[in-house]
Amino acid sequence: MALYVKAAEILQKAEKKQGALKTLVYDSKFANIKQLFALVCETQKFSSILQEIIASTKLLKLTGLKPHLAQVLVYDLIIGQGLKCGGSWKAMLMKHRSRLQAELARMKVKQKVSRNQDLLPASLQQSAADLLPRYVRVNTLKTTVEDAVDYLKREGFLYLGQASRLDDLNLKKKAFVQDLHLPEVLVFSPKMDFHDHFLYKAGHIILQDKASCLPAHILNPPPGSVVIDACAAPGNKTSHLAAIMNNKGQLFAFDLDAKRLATMSTLLLRAGVTCQQLANQDFLTVDPESPQYKDVEYILLDPSCSGSGMVCLRDNSSSADVEKDQARLASLASFQLRCLNHGLRFPRLKSLVYSTCSIHSQENEDVISACLQQNPSFRLVPLLPQWPERGLEPFTQCLRASTSKTRTHGFFVALLEKRSESEPVDQEPAVQISSEVTSHSPPKGEKRPAPSPEESEASDTEEKPEPAAEQMNDAQAKKRRKRKKKKKKKAAASAE
Ligand SMILES: C[S@@+](CC[C@H](N)C(=O)[O-])C[C@H]1O[C@@H](n2cnc3c(N)ncnc32)[C@H](O)[C@@H]1O
């Protein structure tokens, strides 16, 4: 019920121009941001059709529902995946279902089309997200790629072998291939939906965009290693790390958000992960020198970001939003740089992967540039030479991903490694990223993978920082400033 109330509220606000759809969704604090966003976007897309159906069936008069609530409910009832609520609304709507469906059918007959999608104006018919292949990561903790392929073949899927070029990922109907870059990833047609499939429900496959499989694949911690997933929930990358480690070693996973961490627990249980230790903790407060963490060798850092790479979360911001967006990006970059700098403080660190699902250089190359400048003992490692999209010059060691060049959501990955003592340090001029933001938490408007089934697709949803965490962080920042002042005074005194 809460989903529909929230969605209706957001649609109403968007109509009154009280904010961009994406911002309104982010600000809603709803637990499953991706699910909410999908419902709101789809309802808005079909809104003129829904309004016509609602008017001609006199639904508002017969039920007393408010217009926006009626739209979201009718969308899910006759166009979407079915009503996700029980109780009185469902009972009430079910009474009108056949009339609503008949009205939808009548519209299709009138326009001589067979699919709901075809009722939309051409500009709205296919979003980039609809055209992306469906990626499935085989969870090697529970099965093998061969067994998963065999299972699917027995079910009538058509296996075409391993892809050798990007064009091989354009698949139709039940055809599927093994990915050309990531062998544990299987690729299906954009229409395929595995949410109700046995392999998904049993944790044998994870629904995860190919680009979001890159960070763990690149970090590649060997079994037995000590690993941190710094901003971990809802945990698809954690479960990927555990699979690579074959559940051997220690995998510490942190997240600020208790709710997302709870979802993550369920997801990890289903995936058969056993080597994890979850903590509802700000990564920036994890002490690198503490006995518990001093042996950490590998870190995966996938911090909150703008989520601008998620095609389904892209919206057309008005020019008035641009300024706000710039401030938000600067604030996110500052948070991301702090996390990165903190990660590099672990004394036995060998490798750190930094990733975002953002397409903005401010959150990607600029953060890496500033970090390298501040940590000259680390260097970038050139990644997957065969990957078609590279980081922006001069950071071509890093990877980028996009719908057009890699057939995935937009993404960025960098791998940092400690230099050997003898290695020369090359000095690139760094982009200035302000460290003025005092909060350790990501700013409002960040993106984090939503703990929904759909999440698995690479989603990131955002929630605002916990007020308690913010207060704590401000207090810490004040303390730090005081300490700095004291130090300065001391230095001045000893200089005199
Ligand atoms: C992009 S999402 C992570 C997605 C996750 N890596 C996955 O693949 O499922 C970012 C996450 O960072 C968490 N987060 C934000 N600030 C944090 C902090 N200071 N310490 C730990 N977690 C934080 C958010 O709650 C959010 O769940």
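Let me begin with a pair of residues: Leu301 has Tyr354 of strand S10 as its bridge partner. This is a predicted model, in which local features need pLDDT of at least 70 and side-chain atom pairs count only at pLDDT 80 or more, while totals for chains, interfaces and linings use all residues. Residues are numbered from 1 along each chain as its sequence is written.

I shall stay with that pair for a moment. Strands S9 and S10 run parallel and are joined by four bridges. Strands here are DSSP runs of E with at least two residues, helices are runs of H or I with at least four, and both are numbered from the N terminus. Two strands are said to pair if DSSP finds at least two bridges between them. S9 also runs parallel to S6, through three bridges, and Ile228 stands opposite Ile299 of S9.

What covers the faces of S9? Tyr298 and Leu300 on one side, and Ile299 and Leu301 on the other, are all buried. By buried I mean that 20 or more other C-beta atoms lie within 10 Å of the residue's own; 12 or fewer makes a residue exposed, anything in between partly exposed, and the C-beta atoms are placed from the backbone. In general, the side chains of a regular strand alternate between the two faces of the sheet.

Next, the annotated positions. UniProt positions are given in the numbering used here, with feature names shortened, and annotations may be inferred rather than shown by experiment. Ala233 lies in the loop between strand S6 (226-229) and helix H13 (236-244). Ala233 counts as buried because it has 28 C-beta neighbours inside 10 Å.

Asp302 sits in the loop that links strand S9 (298-301) to helix H15 (319-343). Asp302 is buried as well, since 25 other C-beta atoms lie within 10 Å. Which residues does Asp302 contact, leaving aside its neighbours within four places in sequence? They are Pro215, Cys231, Lys237 and Ser355. A contact requires that the two C-beta atoms, placed from the backbone, lie within 7 Å.

The feature "active site" is placed by UniProt, again in an unreviewed entry, at Cys357. Cys357 belongs to the loop between strand S10 (351-356) and helix H16 (365-374). Is Cys357 buried or exposed? It is buried, because 28 other C-beta atoms lie within 10 Å.

One further loop residue deserves mention. Asp257 is found between strand S7 (250-254) and helix H14 (258-270), and Asp257 counts as buried because it has 24 C-beta neighbours inside 10 Å. The C-alpha atoms of Asp257 and Ala233 are separated by 7.8 Å, although the two residues stand 24 residues apart along the chain.

I turn now to another sheet. Five strands form an open sheet in the order S2-S3-S4-S1-S5, with mixed pairing. Strand S2 (158-162) and strand S5 (205-207) each have a single partner strand, so they stand at the edges and one side of each is left without a neighbour in the sheet. From one strand to the next, the twist averages 30°. Within this sheet, strand S1 (residues 134-138) and strand S4 (residues 185-188) pair in the antiparallel sense over four bridges, and Val136 has Leu186 of S4 as its bridge partner.

Helix H10 (residues 145-154) lies across S1, S2, strand S3 (175-178), S4 and S5, and runs at about 150° to S2. Axes are lines fitted to C-alpha atoms, for helices over the stretch in contact, and angles run from 0 to 180 degrees between N-to-C directions.

How does the span of helix H3 (residues 33-45) compare with expectation? Its 13 residues should span 18 Å at 1.5 Å a residue, and because the end C-alpha atoms are 18 Å apart, the two agree. The expected span is 1.5 Å times one less than the number of residues. H3 is mostly covered, with ten of its 13 residues buried; among them are Leu36, Phe37 and Val40. The buried residues of H3 pack against helix H1 (2-15), helix H2 (21-27), helix H4 (47-56) and helix H6 (67-79).

Two of those partners also meet each other. The axes of H4 and H6 come within 10 Å and cross at roughly 100°. H4 and H6 are therefore roughly perpendicular to each other. The contact involves Ser47, Leu50, Ile53 and Ile54 of H4, and Ala70, Gln71, Val74 and Tyr75 of H6. Angles of 65 to 115 degrees count as roughly perpendicular, under 35 as roughly parallel, over 145 as roughly antiparallel, and the rest as oblique.

Finally, the chain overall. There are 18 helices and 13 strands. Of its 496 residues, 45% count as buried. Among contacts with a separation of 6 or more, 71% are between residues 24 or more positions apart.
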